Amino acid sequence: MATLLSISSLTGCSNQDKSAVQETANSFMAILASDSTEDINKYATSEVANGGFVQLFNSDTLVNQIADGAGVSELTEESKAELDEFASLFSNMIQSYSISDTNLEKKDGTQTATAVATFKTSFAMDILGSESASNKINDAITAYNTNNAEEIAALYEEGTEVAEAKIYNDMLRIILEIYEDEIANSKEMTYAIVLDLEKNNETDSWIVTGVSDYDSSNPGSEN
């Protein structure tokens with residue numbers, strides 16, 4: 001009887017932890033899908049929260065990164081409007097998601113877990129770094145320099161800051177339009193990632209400690 005009670009108790013704890021892991025994983029993905037990382041630190045470490053995977057789905061971060069890249073150049077109202085339109089495409093990037101294959105492990109008093117998150121995006125995650133986009137941007141830069149050579153030279157005579165501000169704003173809008181066109185012609189994609197989680201025994205809660213590509217985490221898997 002004592003043995004049966006012990007087994008029952010362990011099974012109960014395991015089921016509770018599995019449910020807790022799934023809940024944390026779901027909450028983590030829900031935040032990404034909502035385009036707001038305000039509560040992400042409740043469910044992920046700072047390394048994960050500030051990492052590239054999470055920030056990819058945060059349109060505010062995207063806007064700030066591009067705006068900061070302007071340096072001394074101030075964005076024009078036209079550029080700001082184009083940037084906002086571009087960023088809005090990322091606000092609903094994740095269309096749906098699900099959590100599966102939850103596994104628990106305990107070693108040296110530390111409880112860890114993994115969960116597979118499968119999600120559908122409205123366009124490819126790597127579209128900004130695609131060869132197609134890069135080639136179009138390179139062609140656009142060449143065409144811009146050729147078609148505006150005289151105007152650029154005249155602006156530099158007025159001052160470097162004036163010229164660079166004009167060039168930056170012009171190129172920003174051209175590049176964003178290229179990306180918007182790539183996104184518009186992209187198709188929905190489905191991805192699978194592995195979430196690593198660890199239990200905080202003091203708070204009796206789980207937190208995401210890592211995110212990795214499903215295929216990288218499963219060498220035996222096929223694309």
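## Getting to know a predicted chain

Read along the sequence, the protein chain runs α-α-α-α-α-β-β-α-α-α-β-β-α; helices (H or I, at least four residues) and strands (E, at least two) are DSSP runs, numbered from the N terminus. This is a predicted model, where local features need pLDDT of at least 70, side-chain atom pairs count only at pLDDT 80 or more, and totals for chains, interfaces and linings use all residues. Residues are numbered from 1 along each chain as its sequence is written, and side-chain values use heavy atoms, with hydrogens and water left out.

Trainee: How many helices and strands are in the protein chain?

Mentor: Take the pattern α-α-α-α-α-β-β-α-α-α-β-β-α and tally each symbol. You get 9 helices and 4 strands.

Trainee: What share of the 223 residues is buried?

Mentor: Buried means under 20% relative accessible area, exposed over 50%, and partly exposed in between (1.4 Å probe, protein chains only). Over the 223 residues of the protein chain, the buried share is 36%.

Trainee: What span should helix α6 have, at 1.5 Å a residue?

Mentor: Helix α6 covers residues 131–147, which is 17 residues. The expected span is 1.5 Å times one less than the number of residues.

Trainee: Which residues of α6 are buried?

Mentor: Here's a handy rule: an α-helix has 3.6 residues a turn, so residues three or four places apart point the same way. In α6, the buried residues are A133, I137, A140 and Y144. They cover an arc of only 65 degrees around the axis (taken from the directions from the helix axis to the C-beta atoms), which puts them on the same side of α6. On the other side, E131, D139 and T146 are exposed, so the buried names to remember are A133, I137, A140 and Y144.

Trainee: What covers the buried residues of α6?

Mentor: Look for contacts, meaning heavy atoms within 4.5 Å. The cover includes α7 (149–158) and α8 (160–184).

Trainee: Is I175 buried, partly exposed or exposed?

Mentor: I175 sits in helix α8. C-alpha to C-alpha, I175 is 8.7 Å from K136, though the two are 39 residues apart in sequence. Its relative accessibility is 23%, so I175 counts as partly exposed.
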